[in-house]
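Please find below my notes on the model, arranged as numbered points for discussion. They go from the overall fold to individual side-chain pairs.

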Amino acid sequence: MRGGRHRPGRTARKRLKQQNSVKSVSLCHQQQYVKLMKFLHKHGFTSKLLQPALFTDTGRGLQALKTIKSDQLLISLPESCLLTTTTVLNSYLGPYIKSWKPKLSPLLALCVFLVCERYRGEASRWFPYINVLPTSYTCPAYFTDEVMAVLPASIKKKALDQREAVQEIHSLNLEFFRSLQPLLSVPVEEVLTYEALRWAWCSVNTRSVFMSHPSNNFLFGQDIYALAPFLDLLNHRPNVQQAFINYGSHDNQRLMMEYGFVAAENPHSVVYVDTDLLCDVLKGDRSLDHKIKFLRDNDFLCNLTLSSEGPSWRLMTALRLLSLPQTLYHQWRAVLLGQAVSEDREEWSLQTARTLCQCLVQDTHRALGKISILLQQCDQMTREQLEVVRALRQEERCILESCLNGILKTKDGLLPFPPDANIVS
């Protein structure tokens, strides 16, 4: 069967228009990239199809020099070009790490090496790579308090936890850092600062590729990191086109947490409903605490989401249970397993989903207003952080508005049940 000409849909036409408007400038002639390419070629790297470039939509990335065919080799990066814990243990840091107790994690070993190599400057073999790494990041570890304040409630705790975790890594390893003083010509406190460790942690966390290494006697924990020069210039898109890479089916909250960016029109994105919002909307229910405990004990308070297509099955199931009175406690577990509820309780569940959606829309609008004000009076680093959060909020606003419209249009105000479902009244 031969297909005729097919006119792309509205979303596809919009995406194509956006792609056609994207402009790029080659970075190949900038000195830092000239040095990077010399360093890589010296160690056996090959790539004839891609070059570093600056794009108007995604910033720095890799530009395709010609049409890329399916299964065509894009990059050949030998192991000698990879920065791993093997690199660290074979370096001047090796004796210090191998003799230290308690053992360091692979992540910390890489972070310390990056900081020390950056301090060494052009004397470092890895200088050509380190010199093209970002000087700061837009991950939560960098977020100021004012940026944290405009995050969605469902991700704010995770963001604060990430920032605190990096602070803790630094504070808990001060003694090890001091043991490295013989390697430095200035006080170690001026080199292995919290800010430096944060930069290194984000460099590894956002740019490393998965590479399993055999266990050794000197480090503890899973050793899965490899920093891959040039390869880490590839940007992510949910729908891979041109010279992009796909990190996996991640929603925008996870992309922001782990990589410090948000993907426009991400088909995997959802909006999370957190427990505090549920409790606030349903605060008049005297048995709410008991129901929430029941949901938590059955692992049913996580991943309650709203998508552009409507409330998730998990959210609606949780709401159906929350619609039941205490007198029907014996039916709660059956509802979690998919048993239907009566029509009036189903309608209550759907209306509650709409209320949750409306609350999240209002919160998103308030946050976007605050972000607009903050953008008028902040420094460049904070501006970059706020831009990422604004992008997240704008994407979530689109999802919520679409979800709300879908709920309002649901036939008869009810969501369907399996035809043979028993009814809990």
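1. What percentage of the 425 residues of the protein count as buried? The figure is 46%, where buried stands for under 20% relative accessible area, exposed for over 50%, and partly exposed for anything in between, with a 1.4 Å probe and protein chains only. This is a predicted model, in which local features need pLDDT of at least 70 and side-chain atom pairs count only at pLDDT 80 or more, whereas totals for chains, interfaces and linings use all residues. Residues are numbered from 1 along each chain as its sequence is written, and side-chain values use heavy atoms, with hydrogens and water left out.

2. The protein has 17 helices and twelve strands, these being DSSP runs numbered from the N terminus (H or I of at least four residues for helices, E of at least two for strands). Of the contacts with a separation of 6 or more, 69% are accounted for by residues 24 or more positions apart, a contact being heavy atoms within 4.5 Å. The accessible surface comes to about 22,500 Å², and 51% of it belongs to carbon and sulfur atoms; the areas come from the Shrake-Rupley method with a 1.4 Å probe, and for residues only the protein chains shown count as cover.

3. Twelve of its 14 residues are buried, so H10 is largely enclosed by the rest of the structure. Among the buried residues are Trp199, Trp201 and Arg198. The charged end of Arg198 sits over the ring of Tyr142, 3.9 Å from its centre, the rule being that NZ of Lys or CZ of Arg is within 6 Å of the ring centre and within 35 degrees of the ring normal. Arg314 likewise lies over the face of Phe300, at 4.4 Å from the ring centre.

4. The count of salt bridges comes to ten, each being a side-chain nitrogen of Lys or Arg within 4 Å of a carboxyl oxygen of Asp or Glu. In one of them, Asp145 and Arg163 bring their closest N and O atoms to 2.9 Å. Asp145 lies in helix H7 (residues 145-148) and Arg163 in helix H8 (residues 153-172), so the pair ties together parts that are 18 residues apart in sequence. Asp145 is exposed at 56% relative accessible area, while Arg163 is buried at 14%.

5. Lys291 and Asp285 also meet in a salt bridge, at 2.7 Å from N to O, with Lys291 buried at 2% and Asp285 partly exposed at 25%.

6. There are ten aromatic pairs, counted when rings of Phe, Tyr and Trp (its six-membered ring) have centres within 6.5 Å; planes under 30 degrees apart are stacked, over 60 edge-to-face and the rest tilted. Trp100 and Phe176 form an edge-to-face pair, 5.4 Å centre to centre with 65° between the planes. Trp100 lies in the loop between helix H4 (94-99) and helix H5 (106-120) and Phe176 in helix H9 (residues 174-179), so the pair ties together parts that are 76 residues apart in sequence. Trp100 is buried at 18% relative accessibility, as is Phe176 at 1%. Ring pairs link Trp100, Phe176 and Phe177 into a cluster.
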